[in-house]
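Please read it alongside the sequence and coordinates.

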2 protein chains.
Amino acid sequence: MTSTFSSLRINSDRMLDSFTQVSVFGSTPEGGVNRPSFSEAHLQARKWFREQIESAGFEFRTDGAGNHSAVIASHELAKQSPTLIIGSHLDSVPNGGKYDGGLGVVAAFEVLKIIQENRIKLKVNVEAMDFTDEEGTLVGLLGGAAISGHLHQKDLDNPRGGRENLVEGMKRAGLSDESMLSAKRDPKTLAGYLELHIEQGKRLEKSKINIGIVSAIVGIASYRLSFLGKANHAGTTTMEDRLDASLGASSFTLKARELVMGRYKNSVVNVGKMEFAPGAFNIVPAQVDLSLEFRSATQDEFDKLEIALIELAKNEAKNFGLELKIEFLGKHSPSPMSDKAQTAFASACDELGLTNTSLTSGAGHDAQSLADLCPVGMIFVPSVDGISHSPKEFTEWEDCVNGANVLLHAVLKLGID
Amino acid sequence: MTSTFSSLRINSDRMLDSFTQVSVFGSTPEGGVNRPSFSEAHLQARKWFREQIESAGFEFRTDGAGNHSAVIASHELAKQSPTLIIGSHLDSVPNGGKYDGGLGVVAAFEVLKIIQENRIKLKVNVEAMDFTDEEGTLVGLLGGAAISGHLHQKDLDNPRGGRENLVEGMKRAGLSDESMLSAKRDPKTLAGYLELHIEQGKRLEKSKINIGIVSAIVGIASYRLSFLGKANHAGTTTMEDRLDASLGASSFTLKARELVMGRYKNSVVNVGKMEFAPGAFNIVPAQVDLSLEFRSATQDEFDKLEIALIELAKNEAKNFGLELKIEFLGKHSPSPMSDKAQTAFASACDELGLTNTSLTSGAGHDAQSLADLCPVGMIFVPSVDGISHSPKEFTEWEDCVNGANVLLHAVLKLGID
């Protein structure tokens, strides 16, 4: 970066104005937003972004996945320059908060405005993007998967939000299976992807650090474990004679936590649900289906933890005389962020006088889809009490501005000749 | 008992014929019966019993609760003699077995036939009864509760099978709330109640003993325990920061079992169901509602176990930083069987050369409603593999005959001058 731009800062008031405007769409009485993918409120927010792009004089770009972006072209031969994407998403979880996604989009758009009004010459095109269905009301990380070529027909056939909802949602947005699958971009045209997001955890707040530079997005795997015993009369069957499925499931739940806390420090595990069958007060449970999810920051720990948890489930079933049925539901490997992006963020923080630390992202983001195509990076800003996916989600505006400035200077470091 | 009758035996072939006939109603391909209260199959079985009573020349009696019985009058001034009721029930659980209830009804009816054809003079009236809705498709132990005056309007307003099903069922049987509540009998008119039933457990089979003489029907209590934590992102929330409701529920489940097996030998405990909220793979469970049931044979142990389990739940909630909500759902105290009835059964076994043992009933029976009104007693016969409430329920016919003979001789001991 030339010293010419080192004193540049984003326009805090203008970005706040944008953020306030977009937060109106789907706003809830509790102070959050309710903008599930392709809901009326989400479509309004998308329309607003398109109008903002056009009225600010940027090129508007959309693709078959419904990703929307403002483009500022490289000063070099535009058609041949690779593109640095920055951005986040305007959809929310049902009854969510306004910072998760919304902040990253308005910050990216503000960065483009700074580049535009300062007539900064870049060797890359910069594209400020609103990604489609990051939160997964329909599919989850949909826009990122579509761009990176990781989206397949089977993902659209059996989406987590239900096929009917997906079809109706795509229809409202003028999209289709065919358009979705056509949105893949050639990796050679991509210079990288950078995103600003709230932390969704308490680590920055607790340590009073300004910026978290993401080292990796954790890998995530889910299984359904079924502990199988025998239904019996809960009055006439002695305790010794029971094959009680609840015992294997309960013991697994407690020991899985101990295992992770003791030996897998860069991982987390969750038993989010158990379903009992037949599920009556007076019948010994014959079957407990347990919803298991675990996440790890490194591939090595991810692989070892997966083996250890399955082994634990087998042992706990055996200890209580139960059978075990293991159903693998899916996984994403850990996605390390690029060194180049992390270095650019750290250098930007230093120049801006902002404290920073390296941390992992426990949540999934579109960056993970793009991580094997081009250099990707993310930064987090503190989130009060670590709350997210809730109307109570809140980040101090000063922290939002800090994040946007770090994003701006990282773009300049990566984008200027 | 006079020696005149000591060589009397029930007519095995005739009883088998009755049992075979009644087992046709609601018979299932797996060899069981599906006769929920007041279902078409149950109404057919009830009609069959009435016809059998009338064609055999007994007085047919019914009451406002729909209990059906054959009556053989005392040779004394019939109107003033108290009545010894014997019997069981013709309803079954959905997709149940044919021995649970059906055996006790046909055995009681056969006992009456033996008394009739041998012109045995009794100081009591004997009534062979089919009790209404013992299994609880609608209310549970309904006929017994109605006779004993333990049935109240609130039981009919909010029955376990749903009010609508109860109203429809009563209508099909020509009954109503008013008739149900009018079925109470004056305890002074009751000489006692005796029932033959299958064990629904493996104790007799394991010990190769012919007859179990029930010392008490266990007390039963149920609670809903809600462990309350905090919903959080299962990826971004550290293990240390979680308030995971599953941990309290799981730990309680394991320790409740240890507690009962270690210190409450005459009790059992069951966690038949847990319900998780919000119940997603990727959200730390905020609430687990646990269905707790426990049973004890003695009042002292029942009371102590109740206190110990509630204390345990509080401690486990506290250990994991959770709140606990305790909802009491109901209980029946343990019902000791009368010494007089137990002595009569034991003496009958000795005369018949049948081995016998004292045991508790882990399941509820109509006898428990009548236990505080008149002397009540129950005997069990072995049940293969302890199976009940299943089409696989099976008892050797020889054991059924043994039970009917013990019932006959106990009736003679209690009923002859």
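Asp289(B) counts as partly exposed because it has 18 C-beta neighbours inside 10 Å. On this scale a residue is buried if 20 or more other C-beta atoms lie within 10 Å of its own, exposed if 12 or fewer, and partly exposed in between, with C-beta atoms placed from the backbone. The model is predicted: local features need pLDDT of at least 70, side-chain atom pairs count only at pLDDT 80 or more, and totals for chains, interfaces and linings use all residues. Residues are numbered from 1 along each chain as its sequence is written, while chains are lettered from A and ligands numbered from 1 in the order in which they are written.

Asp289(B) belongs to strand β11 (residues 287-296) of chain B. Helices (H or I, at least four residues) and strands (E, at least two) are DSSP runs, numbered from the N terminus. Leaving out residues up to four places away in sequence, Asp289(B) touches Arg224(B), Ser226(B), Met274(B) and Glu275(B); contact requires C-beta atoms, placed from the backbone, to lie within 7 Å. Ser246(B) is 43 residues from Asp289(B) along the chain, and their C-alpha atoms are separated by 9.5 Å.

Strand β15 (residues 376-381) of chain B is mostly covered, with six of its six residues buried. Val376(B), Met378(B) and Phe380(B) point one way from β15(B), and Gly377(B), Ile379(B) and Val381(B) point the other way.

| Strand of chain B | Sense of pairing with β15(B) | Bridges |
|---|---|---|
| β5 (residues 190-198) | parallel | six bridges |
| β6 (residues 211-217) | antiparallel | two bridges |

Within β15(B), Met378(B) stands opposite Glu195(B), and Phe380(B) is the bridge partner of Gly212(B).

In helix α6 (residues 163-172) of chain B, the buried residues are Leu166(B), Gly169(B) and Met170(B). They lie on the same side of α6(B) because they cover an arc of only 100 degrees around the axis, the arc being that of the directions from the helix axis to the C-beta atoms. These buried residues pack against α5 (153-157) of chain B. Exposed Glu164(B) and Lys171(B) are carried on the face of α6(B) turned away from its buried side. Just after α6(B), Gly174(B) takes a positive phi of about 70 degrees.

Chain A is divided into domain 1 (3-217 + 335-415) and domain 2 (226-332), with bounds from an automatic or database domain assignment. Taken over C-alpha atoms, the centres of these two domains of chain A are separated by 37 Å. Their contact takes five residues from domain 1 and five residues from domain 2.

The contact between the chains takes 44 residues from chain A and 44 residues from chain B. On the side of chain A, α9(A) gives the most, with nine residues. The residues of that side divide into 18 nonpolar, 20 polar and six charged. Here Ala, Val, Leu, Ile, Met, Phe, Trp, Tyr, Cys and Pro count as nonpolar, Asp, Glu, Lys and Arg as charged, and the others, Gly among them, as polar.

A rotation of 180 degrees with 0.1 Å of shift along its axis superposes chain A on chain B (RMSD 0.1 Å). That is the relation of a two-fold axis. The superposition is by least squares on the C-alpha atoms of residues with pLDDT of at least 70 in both copies. Of the residues of chain A, Ser250(A) comes closest to the rotation axis, at 2.2 Å (C-alpha). The same surface serves both copies, as 100% of the contact residues of chain A recur in chain B.

Notes:
Contact = placed C-beta atoms within 7 Å. Pairing = 2+ DSSP bridges.
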